[in-house]
2 protein chains.
Amino acid sequence: MPAPRRKTETVEIETPEERQPVSLGLLDNLLGYRLRRAQLSVFQDFLVTMKEFDLRPAQFSVLAIIDANPGLKQSRVSEALGINRANFVALLDELEQRKLARRAPAPGDRRSNALFLTAKGEAFLKDAYRHLVAQHEKRVETVLGSADKQQLLSLLDKLTTLA
Amino acid sequence: MPAPRRKTETVEIETPEERQPVSLGLLDNLLGYRLRRAQLSVFQDFLVTMKEFDLRPAQFSVLAIIDANPGLKQSRVSEALGINRANFVALLDELEQRKLARRAPAPGDRRSNALFLTAKGEAFLKDAYRHLVAQHEKRVETVLGSADKQQLLSLLDKLTTLA
DNA sequence: TATTGTTATACTCTATAACTATA
DNA sequence: TATAGTTATAGAGTATAACAATA
């Protein structure tokens with residue numbers, strides 16, 4: 001039994017902790033702010049989940065687009081993802097060095113590259129996605145509920161038509 | 001009446017436009033991807049709307065937090081916004097140079113700064129917010145519907161508890 | 001010893017201009 | 001002339017380490 005601490009227990013509350021909660025003020029009604037915070041949380045969870053695969057969201061998105069559209073030209077892949085073509089080069093270089101994707105000559109246009117996943121890349125993407133669904137999307141649906149997730153996706157798509 | 005174009009109208013379709021739509025593949029079901037695209041659209045619209053005020057989202061958020069919590073310590077403002085304190089310094093410097101915010105000695109702790117808006121800063125924030133609601137949030141509610149906006153805010157907050 | 005504000009630094013993302021080889 | 005891929009470069013945003021002043 002611990003010694004009862006009574007006597008000089010007037011601890012003079014060293015930490016009055018003026019920890020009143022911080023008000024969001026005008027921010028509270030701004031969609032952009034709340035959207036940004038949510039997005040950062042979701043990306044953070046994605047990063048943790050994909051750490052063992054060493055795969056960032058942008059890298060995953062490139063693999064997924066190539067997988068779904070094999071042979072697509074490099075410029076169209078970057079355009080579909082909203083990544084400018086200059087910045088796309090290094091991103092693709094890394095995936096190619098890891099032997100997950102490859103550039104091939106595009107039939108009928110020697111300026112272009114047609115992009116493909118390697119066999120390793122296909123297997124890797126499948127594994128990563130499985131892990132993502134089992135861990136990351138699982139957690140998302142735990143806080144959201146699965147009906148809410150579909151509702152949310154639909155609302156988000158409306159916003160994407162804004163700009 | 002325009003001349004009927006018939007004869008050599010075998011234009012040899014110079015642009016066969018293999019513009020089949022790009023499939024999103026696995027991305028289609030990933031919340032993070034759709035969330036990110038929506039967030040970028042909303043921020044883009046915010047930027048355009050605030051261009052005449054020369055105010056970025058992070059700057060607006062700092063002004064709003066100080067306005068709602070006058071005298072709050074610098075470290076707590078940056079913490080509330082998830083901005084690390086080293087990076088917060090330059091952000092605040094700029095707002096102070098524009099005479100919108102000011103650092104004051106914090107009562108009872110000579111290490112800390114208490115932050116306040118200037119009179120100019122208060123008026124500026126009010127104007128910016130009014131303009132934002134009239135233009136930006138108006139457009140948001142046009143694509144969303146106002147009931148959907150509240151629903152969306154609630155769903156986003158659930159996600160923010162993730163990480 | 002720990003915390004606040006600060007500087008310095010580095011790494012990622014993003015944006016623009018310009019080059020080359022093709023079309 | 002225009003387009004695809006590329007390089008170089010600059011600007012944001014973000015993260016860590018370390019220091020001085022103060023607690």
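Trainee: Which base atom of DNA strand C does a polar side-chain atom of Arg111(B) lie 2.9 Å from?

Mentor: Good place to start! This is a predicted model, where local features need pLDDT of at least 70, side-chain atom pairs count only at pLDDT 80 or more, and totals for chains, interfaces and linings use all residues. Residues are numbered from 1 along each chain as its sequence is written, chains are lettered from A and ligands numbered from 1 in written order, and side-chain values use heavy atoms, leaving out hydrogens and water. For Arg111(B), the polar side-chain atom lies 2.9 Å from a base oxygen.

Trainee: What part of DNA strand C is 3.1 Å from the side chain of Arg56(A)?

Mentor: Look at the backbone of the DNA here. Ser75(B) uses a backbone N or O atom, 2.8 Å from a phosphate oxygen of DNA strand C. For Arg56(A), an N or O atom of the side chain is 3.1 Å from a phosphate oxygen.

Trainee: How many charged residues are in the surface near DNA strand C?

Mentor: A residue is near a strand if one of its heavy atoms lies within 4 Å of it. There are 18 residues around DNA strand C, and Asn84(A) and Ser75(B) are among those that come nearest. Counting Asp, Glu, Lys and Arg as charged, Ala, Val, Leu, Ile, Met, Phe, Trp, Tyr, Cys and Pro as nonpolar, and the others, Gly among them, as polar, the surface has three nonpolar, six polar and, for charged residues, nine.

Trainee: How much area do chain A and chain B bury between them?

Mentor: Let's begin with contact, meaning heavy atoms within 4.5 Å: 63 residues of chain A are in contact with 63 residues of chain B. Buried area is the accessible area (1.4 Å probe) that two parts lose on being put together, summed over both. Carbon and sulfur atoms carry 67% of the buried area, whose total is about 6,100 Å².

Trainee: Which residue of chain B meets Asp148(A) in a salt bridge?

Mentor: A salt bridge is a side-chain nitrogen of Lys or Arg within 4 Å of a carboxyl oxygen of Asp or Glu. Between chain A and chain B the count is four. In one of them, at 3.2 Å from N to O, the partner of Asp148(A) is Lys158(B).

Notes: A polar contact is a pair of N or O atoms within 3.5 Å; within protein, one must be able to donate a hydrogen and the other to accept it, and residues adjacent in sequence count only if both atoms are side-chain atoms.
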